Each structure stands twice: as structure tokens, then as C-alpha cells.
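Please keep the sequence and the model in view while reading.

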Amino acid sequence: MPDTWGHKLAEPLFERLTVIGCGLIGSSLLRVARRNNLARTLVAADISQAVCERVAELTLADEATCDLAGAVAGSDLVILCVPVGANENVARSIGQALAAGAIVSDVGSVKSAVMASLTPHMPAGTHLIPAHPVAGTEHSGPDAGFATLFLNRWCILTPPPGADEIAIKKLSDFWTAAGSNVEVMTSEHHDLVLAITSHVPHLIAYNIVGTAADLELVTQSEVIKFSAGGFRDFTRIAASDPTMWRDVFLNNKEAVLEILGRFTEDLSALQRMIRWGDGDGLFNLFTRTRNIRRSI
């Protein structure tokens, strides 16, 4: 298999992989794990019977079950692919069933809150290594996944202090074989970085769609009908799963509010430039930010 599809392994890294939550990320993980031989046995678990049945129909896993504790029994890698706010309940359900030496990870875009909610339920001898594959689409459900979702994307690992280096390396190798570039940082730094690169942009997108909808109702205008490409492209992310994003903002509120405060100050400065006709200020700002965007 070509390297551009990740790395198909001659021998799997893990004997038994359990993925809990079979939406976009979870079903994509199962697909790439199957294709690249990342685990010998794949187990899918979800609290929805309908989702489990669909996973079975799509043959995404060797086993599909609503029994979360049973799903993790004997697994050497367990990845939680559920909304951030659901992590604690899941951890409570599976904690006592985890095998000694198992690596437990997740895919949430908030890490400090995940660490706090999972740690109390991890038995001695297990290795909690939170992770965040920075990848996704606005679609959800087991049918939305695809094996190349993580290809050439970053996956950030946020192991706690003193985490087992062998376990970190093994999880890093897993994500590399799935096609990702792996970075390691603290959970606090991760949450600040993601607040500016993902969380606040989503918040702005949700807000501007609401503003446009209000304007449509008030003026009977054609705001939505004649939306330009910029509006369509930027607000695509506002179609993302509302449960996931509700949990993100509630669980990363300190970093989001910090970045949002800075954004509000910068927006006020931009508002003053427009109000007072500061063409030089606007030109300089747009030139600087264009160069930054081109570098991205």
C-alpha cells in the first residue's frame, strides 16, 4: 500500500482495539485500523443499538456491542470517540473492566477537562494518554467516516507527567500508521492552541449564521439566498455536531474566553478604523494578515 495512505503493518501494533463511539471519528478509526492492520481484532461499542447495528452492516468491526464494559475486556487499546461531556460516564462504565497494561485514549478537542474526568476512573496499571486528531468534517454518524480522514493531519498527544514512555511511543506509532503527523504537548498548551485555531472560529461561525438568519427575518431580505462564497465557505463549520461543540465550549471555557477577549479587543480596533476612515490602518492590517494566511 502506498505511503500516502498511511502504513499497512505486517504485524498489528495491538491485539484488540476497542473504539467507543462510532460517529465520524470512531468509524474512520475502525476503517483505517482495518485497512492498515493496526489491530488484530476490532471492537466497536456505542450506547445506540441502531448505531451498533449499522456498524455491523458496514462490517467496520469484528464485534459491535452496546455493552461498554464487555467491549473493553481484554483490549490493549481503548479509544473514546464520544463528546467531551460524555467521557466521565463512559470511564465510570468501563474502568473496572479495563485490562492491566491497557492504553486508554480519546479524540476530543479539549484535553485538560478530559484528563480530569478520566483519571479518577483509571485503575492502577493502565495508561491514560489523551489524544486529539485534528481532523473532521461537518458530517456525523458511522456512514460519514472514511479511512483517509487522518491522512497528513496532526494528531496531538497530551500524556500526563510521568506517563509510561513505551505506551506513549506505541500510541504515537498507531497514529503515524493511520497517516497522521504526531506532536506531543501538555494538555494546557493544547487547549490554548485549539481555542484560537478551532474553537473560537467555530463560535464565530455559529454566531454569524445566527446574525444572518435574524437579518433575513427582520428585513425580508435575501441574505441567505444570495450568500457569497466567503459566507458559505466560512460558515460550513457551523453545520458541525451541536452536542460536540456545546461540550467543547463548556469544557474549555477559560482558554476560549481568553482568546475571545483578545478577539473582541482586536475587533473593536478594526471597528474604529472603519468608523474613522483609517485607510492606512486597514491596508496595513489586511497586508499583515494576508501574509500570515499565505504562510498557513
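Predicted model: local features only at pLDDT ≥ 70, side-chain atom pairs only at ≥ 80, totals over all residues.

Residues are numbered from 1 along each chain as its sequence is written, and side-chain values use heavy atoms, with hydrogens and water left out.

**Strand pairing**

By that criterion, β7 and strand β8 (residues 154-157) pair in the antiparallel sense over three bridges, and within this pairing H132 stands opposite I156 of β8. These strands belong to an open sheet of three strands in the order β7-β8-β9, whose pairing is mixed. Its edges are formed by β7 (131-133) and β9 (181-184), each of which pairs on one side only, and the twist from one strand to the next averages 20°. Helix α6 (residues 165-177) lies across β7, β8 and β9, and runs at about 165° to β8; such angles run from 0 to 180 degrees between N-to-C directions, with axes fitted to C-alpha atoms, for helices over the stretch in contact (heavy atoms within 4.5 Å).

| Strands | Sense | Bridges | Bridge pair |
|---|---|---|---|
| β1 and β4 | parallel | four | I20 and L80 |
| β4 and β5 (residues 103-106) | parallel | four | V78 and V104 |

**The unit around helix α4**

Together β4, helix α4 (residues 87-94) and β5 make a right-handed β-α-β unit, the crossover being right-handed if, with the strands pointing away from the viewer, the path from the first strand over the helix to the second runs clockwise. N87, found in helix α4, counts as buried at 1% relative accessibility. Leaving aside neighbours within four places in sequence, N87 is in contact with L80, V82, V114, S117 and L118.

**Nonpolar cores**

A nonpolar core is a set of buried Ala, Val, Leu, Ile, Met, Phe, Trp, Tyr and Cys residues joined through side-chain atoms within 4.5 Å. The largest has 40 residues, of which L17, L29, F174 and W175 touch the most other members. At least two residues of this core come from each of β1 (14-20), α1 (24-35), β2 (39-45), α2 (49-57), β4 (77-80), β8 and α6. Beyond four places in sequence, L29 is in contact with V19, I79, C81, V107, F150, F174 and W175. Another core, lying apart, has 30 residues, among them A45, V72, L80 and M115.

**Cysteines**

The structure holds zero disulfides (pairs of cysteine sulfur atoms within 2.5 Å). The sulfur of C52 is 3.5 Å from the closest cysteine sulfur, that of C66, and is therefore too far away for a bond. C52 is buried, with a relative accessible area of 5%, whereas C66 is partly exposed, at 29%.

Definitions and conventions:
Pairing = 2+ DSSP bridges. Buried < 20%, exposed > 50% of the residue type's maximum accessible area, 1.4 Å probe, protein only.
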